[in-house]
Amino acid sequence: FAEQQTSGRGRRGRSWVSPFGRNIYCSFAWRFDGGVAALEGLSLVIGMGAVRALEQLGVPGVQLKWPNDLVAGAAKLGGVLIEIDGELAGPVTAVVGIGVNLGMPPDAGAAIGQSWTDLETVCGRRIGRNALAAALLESCFGILADFARQGFPHFAPEWERVDALRGLAVSVSAGAGASLHGVADGIDAGGALRLRTPEGERLLSGGEISVRRDN
């Protein structure tokens, strides 16, 4: 856990806004023995672990925007970033980063390039950082142990409960100006986004893909 991340980053190299002592910034490593293929859906599972922790603390209405954002309503509450190191078919270490907006100062939040919220706004009360930190670790470690044993399909029904995009028109950008438009139709057994387009269904994996709601 850190009070601040002066070199923190989000997806696609974006800067991570992290005012001192106001939010949760944490990273931990987890080893998997099944190779990279065993990590399908990992970022989604970590997101579900974070939702479980927030629900345990009485935070209402938190959902997950595929593949790795915690949202309340249409506003970003936090995010997950995972980096992988290891062999394609051998032991793999996942370094998991989690950030949750607890009490974001408005002047710091002005640097965030999208709609955002924090737990104080969502709950109308303060939540202790120590309590949230402990709940996050307990929940994420527990769900990761289950994930290592059972794989992602075991968690697919839970994802459906907290899916913030299902049934919504979205745009998907994969960089280099390429984009797809369609309706988010949940996920497949490996955690890929199912996108319903006029040309048929497309399955989209994570990586450099970002998703936003169409207006």
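**Starting from a serine**

Reply: Let's begin with one residue. Ser-139 has a relative accessible area of 11%, so it counts as buried. Keep in mind that this is a predicted model.

Me: Which helix does Ser-139 lie in?

Reply: Ser-139 is part of helix α4.

Me: And what does Ser-139 touch, leaving out residues up to four places away in sequence?

Reply: Gly-49, Arg-52 and Ala-53.

Me: How many residues does α4 have, and how far does it reach?

Reply: α4 covers residues 129-150, which is 22 residues. From first C-alpha to last it reaches 31 Å, close to the 32 Å expected at 1.5 Å a residue.

Me: Which residues of α4 are buried?

Reply: Leu-132, Ala-133, Ala-135, Leu-136, Ser-139, Cys-140, Ile-143, Leu-144 and Phe-147. They span an arc of only 165° around the axis, so they sit on the same side of α4.

Me: Why would residues a few places apart point the same way?

Reply: An α-helix has 3.6 residues a turn, so residues three or four places apart point the same way.

Me: Which exposed residues are on the face turned away from the buried side of α4?

Reply: That face carries Asn-130, Glu-138 and Arg-149.

Me: What covers the buried residues of α4?

Reply: The cover includes two strands, β1 (24-32) and β5 (92-100). It also includes helices α1 (42-56) and α3 (119-123).

Me: What comes just after α4?

Reply: Gly-151, with a positive phi of about 80°.

Me: In what sense do β1 and β5 pair?

Reply: Antiparallel, over nine bridges. Strand β4 (residues 75-86) also pairs with β5 in the antiparallel sense, over nine bridges.

Me: What stands opposite Val-95 in β5?

Reply: Ala-29 is opposite Val-95. Glu-83 stands opposite Val-95 too.

Me: How many residues are between β4 and β5 in their hairpin?

Reply: Five.

Me: Where is Gly-86 found?

Reply: In strand β4. Gly-86 has a relative accessible area of 47%, so it counts as partly exposed. Setting aside neighbours within four places in sequence, Gly-86 is in contact with Pro-91 and Val-92.

Me: How far apart are Gly-86 and Gly-35?

Reply: In sequence, 51 residues. In space, C-alpha to C-alpha, 7.9 Å.

Me: New topic, the core. Which residues in the largest nonpolar core touch the most other members?

Reply: Ile-46, Met-48, Leu-119, Leu-132 and Phe-152, out of 51 residues in that core. Helix α1 gives the most to this core, with nine residues.

Me: What does Ile-46 touch, residues up to four places away not counted?

Reply: Phe-28, Val-80, Ile-82, Val-96, Ile-98, Cys-140 and Leu-144.

Me: How many aromatic pairs are there?

Reply: The count comes to four. One is Phe-28 with Phe-141: the ring centres are 5.1 Å apart and the planes are at 80°, so this pair is edge-to-face. Phe-28 lies in strand β1 and Phe-141 in helix α4, so the pair ties together parts 113 residues apart in sequence.

Me: Buried or exposed, those two?

Reply: Phe-28 counts as buried, at 10% relative accessibility. Phe-141 is at 35%, so it counts as partly exposed.

Me: What about Phe-147 and Phe-155?

Reply: They form a tilted aromatic pair, 6.5 Å centre to centre with 45° between the planes. Both Phe-147 and Phe-155 are buried.

Me: Which residues do ring pairs link into a cluster?

Reply: Phe-28, Trp-30 and Phe-141.

Me: Last bit, the overall picture. How many helices and strands are in the protein chain?

Reply: Five helices and ten strands. The chain has 215 residues, and 47% of them count as buried.

Me: What share of the contacts with a separation of 6 or more comes from residues 24 or more positions apart?

Reply: In the protein chain, 60%.

Note on methods. Residues numbered from 1 in each chain as written. Predicted model: local features only at pLDDT ≥ 70, side-chain atom pairs only at ≥ 80, totals over all residues. Heavy atoms only, no water. Helix = DSSP H or I, 4+ residues; strand = E, 2+ residues; numbered from the N terminus. Expected span 1.5 Å × (residues − 1). Buried < 20%, exposed > 50% of the residue type's maximum accessible area, 1.4 Å probe, protein only. Arc of directions from axis to C-beta. Contact = heavy atoms within 4.5 Å. Pairing = 2+ DSSP bridges. Core = buried A, V, L, I, M, F, W, Y, C linked by side-chain atoms within 4.5 Å. Phe/Tyr/Trp six-rings, centres within 6.5 Å; stacked < 30°, edge-to-face > 60°.
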